[in-house]
Amino acid sequence: MLLHIVARGRIGRSAEAELVDRYLKRIAWPTRITELPDTGGREPAAAPQTRRILLDEKGEAMPSLALAERLGRWRDDGVREARFLLGAADGFDDAARAEADLLLSFGRATWPHLLARAMLAEQLFRATSILAGHPYHREG
Ligand SMILES: C[S@@+](CC[C@H](N)C(=O)[O-])C[C@H]1O[C@@H](n2cnc3c(N)ncnc32)[C@H](O)[C@@H]1O
């Protein structure tokens with residue numbers, strides 16, 4: 001299953017870009033990043049079996065194990081793409097929230113979109129490590 005990050009804003013050469021690269025390189029699953037401008041622009045077409053995960057501080061704060069289980073279930077059900085959407089300064093409107101299969105929160109604090117992208121890359125590495133039985137993740 002493709003892990004596709006569709007993010008508003010340009011990351012360029014930055015500390016956050018290094019973090020994103022570091023984690024995405026370590027993921028054994030196929031990954032892709034599509035950058036969109038802060039406003040406007042067209043999201044790439046999605047395969048019929050795509051799940052949309054909208055990153056939103058008002059969403060569900062999932063333990064890493066639960067995110068891994070959700071990704072594993074989608075993969076086993078034949079989902080072709082898990083599409084993770086990151087917003088710009090104004091976040092998402094209610095219509096975008098309503099279209100999502102999952103609203104995923106990294107807590108109630110608001111993070112800059114580039115940090116949220118790096119955190120997402122790490123969580124995807126963690127989730128796929130959990131599914132592979134790799135000891136990267138330790139439950140406290
Ligand atoms: C600067 S934030 C936007 C804040 C905006 N006021 C809002 O209400 O969503 C830019 C993007 O980073 C991501 N983000 C920031 N904080 C987050 C959090 N706590 N959980 C999940 N995603 C977050 C979201 O995708 C958000 O659209």
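**Exercise 1. Find which residues Leu55 touches, leaving out those up to four places away in sequence.**

Step 1: A contact is a pair of C-beta atoms, placed from the backbone, within 7 Å. By that rule Leu55 touches Phe84, Leu85, Leu86, Leu104, Ala116 and Leu120.

Step 2: Keep in mind that this is a predicted model, where local features need pLDDT of at least 70, side-chain atom pairs count only at pLDDT 80 or more, and totals for chains, interfaces and linings use all residues. Numbering runs from 1 along each chain as its sequence is written.

Step 3: Leu55 sits in strand β3 (strands are DSSP runs of E, at least two residues, and helices are H or I runs of at least four, numbered from the N terminus).

**Exercise 2. Decide whether Leu55 and Gly87 are buried or exposed.**

Step 1: Buried means 20 or more other C-beta atoms within 10 Å of the residue's own, exposed means 12 or fewer, and partly exposed lies in between.

Step 2: Leu55 is buried because it has 25 such atoms within 10 Å. Gly87 has 20, so Gly87 counts as buried too.

Step 3: As for its place, Gly87 is in the loop between β4 (81-86) and α3 (94-99).

**Exercise 3. Work out what the UniProt record says about Leu55 and Gly87.**

Step 1: The unreviewed UniProt entry marks Leu55 and Gly87 as "binding site" (positions follow the numbering used here, feature names are shortened, and annotations may be inferred rather than shown by experiment).

Step 2: They are spread over 33 residues of sequence, yet cluster in space, with a largest C-alpha distance of 7.4 Å.

Note on methods:
Two residues are in contact if their C-beta atoms, placed from the backbone, lie within 7 Å.
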